[in-house]
Amino acid sequence: MATITSLGVGSGLDLTGLLDQLQDAERGKLAPITQQKADQQAKISAYGQLQTSLNAFNDAVAKINDPKLYQSLSSSVRGDDIKAATSASALPGSYRVEVSQVATYGSLASESITGIDNKPSDALELNGATAITLNFVGSDSVDIELDANSSLNDIRDAINANKDAGVNATIINDGEGYRLALSSKATGEDASIDSFEFVGGEGPFGEATEAGAKQQGQDASLTVNGIAITSASNQVEGAIQGVTLNLNELSIAEGEKATSTVNIERDTLKQREAINDFVDAYNDLKDTTNGLTSFNAESGTAGELLGDRTVRTIESRLRSVLTGGGEDGELSTLSQLGITLEAGTTLSGKLQVDDEKLDNLIANDPQALSAFFAGDNKDGGLAGKLNSSIDQMTSSNGVLKGAITGAENNVKSLDERYARMEKSIEGTLSRYRTQFSQLDVMMAQMNSTSSYLTQQFDAMNAQLGR
């Protein structure tokens, strides 16, 4: 049987064009599957937007679920370079602070050591000494063991290697020889290095006696509202309840004082910002859900999650918590704070704030706000209930995760259905192609037979004179 390498050659028919039309018609069966997959992928993306907004709202809710927010105070200082930091136990007030002396470190130097050729690495004659004892003004002495034939470098290193030494040791070259210099690690009189001595022998050197070789550490001296206070550290804690005064940047000349006024005030700005962020985050979430469930009657376009049960469930649960309020207390509903939830079919369902009412509560009754939002425990107040509800809805077993998983499974199922349909279409087109090829061969044969018969009839007519 003859074969046809190109459809339509044998029959003269446009079989290739016909096959292309059949192919387009068959592949048209894939369009609904492609559209369904696109719809499911759009849903997955929309659920992602919803989850992002929910997470942002949850973060804002977590900030107002912290009791420390409603106890927060801020400090301001007028005057010299005193710094002040507050803790939760601080109380509002104004304090006049006068500093006459800052805390200093004690220091002590040894005699200048000669006879070692100006090399602190040379071994010293310890004269039987096996240790060096460091004596402090207000604390126990510390013994540092020494190896035989220790050098000045070795003595320095032995002191620095002992975590209980209480001093930092260095070596100073005074131009004539080398000295062991000791500096207390902590400020204050009691931590000041007072003297040193060798144990077991007189040692290779003694303490220097010239002026300046010994500097006594001092306590900080100050008054707070006229009350005299001393502190071994320049980080003064307890002089003002819940406040740490930092004197490190002060430079006080002999006989002078550094004077400042420290004002401790309730930090209403942080509370207002946190509550406003909570309202804004909820309204952003509402904008997201409204957009995802919208419908434009003029254009006929709809949001990806129009009529979606997951969105309705999330909105319903959040609205239930918001309208339910907090635990029993001075404040029990959001409206008492000046925060109201829009209602009605023509409104967006967002939160609105009465600034004057909220500001008054922040300034005058922060504890009532704390009880309403934060409650007595993590899940007790309104914010805790919202956190718990959102965590549940966004968890691995939550309604949102379930919706995302369902859409992802639908996409996978559609991919499998698409592959099966595509295979079926290829089989159908293959059969069409075979049938068209057979048709082409048969038509070619019939055309050939027709031509042969025509020639024969023409020849017979010519013989018969027709």
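Predicted model: local features only at pLDDT ≥ 70, side-chain atom pairs only at ≥ 80, totals over all residues.
Trainee: Why is the contact between Asp174 and Arg179 called a salt bridge?

Mentor: The closest N and O atoms of Asp174 and Arg179 are 2.9 Å apart. The cut-off is within 4 Å, from a side-chain nitrogen of Lys or Arg to a carboxyl oxygen of Asp or Glu. The pair therefore counts as a salt bridge.

Trainee: How many salt bridges does the structure hold?

Mentor: There are 12. Arg179 takes part in another one, with Glu210. Their closest N and O atoms are 2.5 Å apart.

Trainee: What makes Arg179 and Glu210 a link between distant parts of the chain?

Mentor: They are 31 residues apart. Arg179 sits in strand β8 (residues 178-187), and Glu210 is in the loop between β9 (193-199) and β10 (214-215).

Trainee: Is Arg179 counted as buried or exposed, and why?

Mentor: Its relative accessibility is 15%. Buried means under 20%, so Arg179 is buried.

Trainee: Why do Asp174 and Glu210 get another label?

Mentor: Asp174 has 32% relative accessibility, and Glu210 has 37%. Exposed would need over 50%, and buried under 20%. Both values lie in between, so Asp174 and Glu210 are partly exposed.

Trainee: Which elements does the salt bridge of Lys350 and Asp287 link?

Mentor: The N to O distance in this salt bridge is 2.7 Å. Lys350 is in the loop between β16 (339-341) and β17 (351-353), while Asp287 belongs to helix α4 (residues 268-292). The two are 63 residues apart. Lys350 has a relative accessible area of 22%, so it is partly exposed. Asp287, at 41%, is partly exposed too.

Trainee: What makes Arg96, Glu98 and Lys257 one network?

Mentor: Their salt bridges share partners, and that joins them.

Trainee: Now the rings. Why is the pair of Phe196 and Phe205 called edge-to-face?

Mentor: The structure holds seven aromatic pairs. In this one, the ring centres are 5.9 Å apart, which is within the 6.5 Å limit, so the rings pair. Their planes stand at 70°. Over 60 degrees counts as edge-to-face, so that is the label.

Trainee: How do you know that Phe196 and Phe205 are buried?

Mentor: Phe196 has a relative accessible area of 7%. Phe205 is at 6%. The limit is under 20%, so Phe196 and Phe205 are buried.

Trainee: Which residues form an aromatic cluster?

Mentor: Phe57, Phe278, Tyr282, Phe372 and Phe373 form one.

Trainee: What is noted about the phi of Asn127 and of Asn225?

Mentor: Each is positive in a residue that is not a glycine: about 55° for Asn127 and about 50° for Asn225. Asn127 is in the loop between β4 (105-109) and β5 (131-136). Asn225 is in the loop between β11 (220-224) and β12 (227-231).

Trainee: Why is Asn225 called partly exposed?

Mentor: Its relative accessible area is 46%.

Notes: Residues numbered from 1 in each chain as written. Heavy atoms only, no water. Buried < 20%, exposed > 50% of the residue type's maximum accessible area, 1.4 Å probe, protein only. Helix = DSSP H or I, 4+ residues; strand = E, 2+ residues; numbered from the N terminus. Phe/Tyr/Trp six-rings, centres within 6.5 Å; stacked < 30°, edge-to-face > 60°.
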